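Thanks for coming. I will walk through one chain today; please look at the sequence and the structure on the screen first.

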Amino acid sequence: MIIDLSKVLKYEDAKVEFDSCLDIKEVSFAGDTYRFLEPIRVTGSIHKSGGPLQLTGRVSGVMSVNCYRCMKEVQKDFNFQLDEILVSNDSHDTEDDEAIRFNGDKIDITEVVINNILINMSMKHLCSVDCKGLCPQCGADLNVTECKCSTEVIDPRLEVLKKLLNNKE
Ligand SMILES: [Zn+2]
Ligand SMILES: [Zn+2]
């Protein structure tokens, strides 16, 4: 998603507006895959008022991700604010580490949008607050079935002790 900055770079108080869709299918991050069920809508503007360029906007869409406990697919809507400072690599203003860098008079904000989606949405998602998850022993989905595994959780240290006692008999 490339935005032409030539106008804002040239004129003080200039502003470029954008309203576009990013057609990204999925993003993988920290072992999770976020699948986007429709193009991601990105709207906003870039403007300059004295200092560096400021990007403000909104990102919205629908994604699906696996439940952290039972792995079932969960749909999540997202809609959040974008706020970034853009600094040209040509400028010598290198103080702001958080700023997004760009070359020439264009910027591709695809990566900025994806990073912001991950910052806002990469958490442990659950299909419901009381999801029972999967049985750690047989893998059955405890939301839909009751498995025959022992629900009694044995502390591994006690287990060792129990074996020792059994051997003595
Ligand atoms: Zn679940
Ligand atoms: Zn089980």
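I start with a definition: a residue is buried if 20 or more other C-beta atoms lie within 10 Å of its own, exposed if 12 or fewer, and partly exposed in between, with C-beta atoms placed from the backbone. By that count, 15% of the 169 residues in the chain are buried.

This is a predicted model: local features need pLDDT of at least 70, side-chain atom pairs count only at pLDDT 80 or more, and totals for chains, interfaces and linings use all residues. Residues are numbered from 1 along each chain as its sequence is written, and chains are lettered from A and ligands numbered from 1 in the order in which they are written.

Next, overall dimensions. The C-alpha trace spans about 90 × 35 × 20 Å along its principal axes. The radius of gyration, taken over C-alpha atoms, is 25 Å, whereas a compact globule of 169 residues would have one near 15 Å; the globule rule is 2.2 Å times the number of residues to the power 0.38.

Now the elements. Helices (H or I, at least four residues) and strands (E, at least two) are DSSP runs, numbered from the N terminus. The chain has 3 helices and 9 strands.

Which strands does strand 6 pair with? Two strands pair if DSSP finds at least two bridges between them. Strand 6 (residues 53-66) runs antiparallel to strand 4 (residues 32-36), with 2 bridges. Strand 5 (residues 40-48) pairs with strand 6 over 8 antiparallel bridges, and Ser45 has Thr56 as its partner. Strand 7 (residues 73-88) is joined to strand 6 by 14 bridges, also antiparallel.
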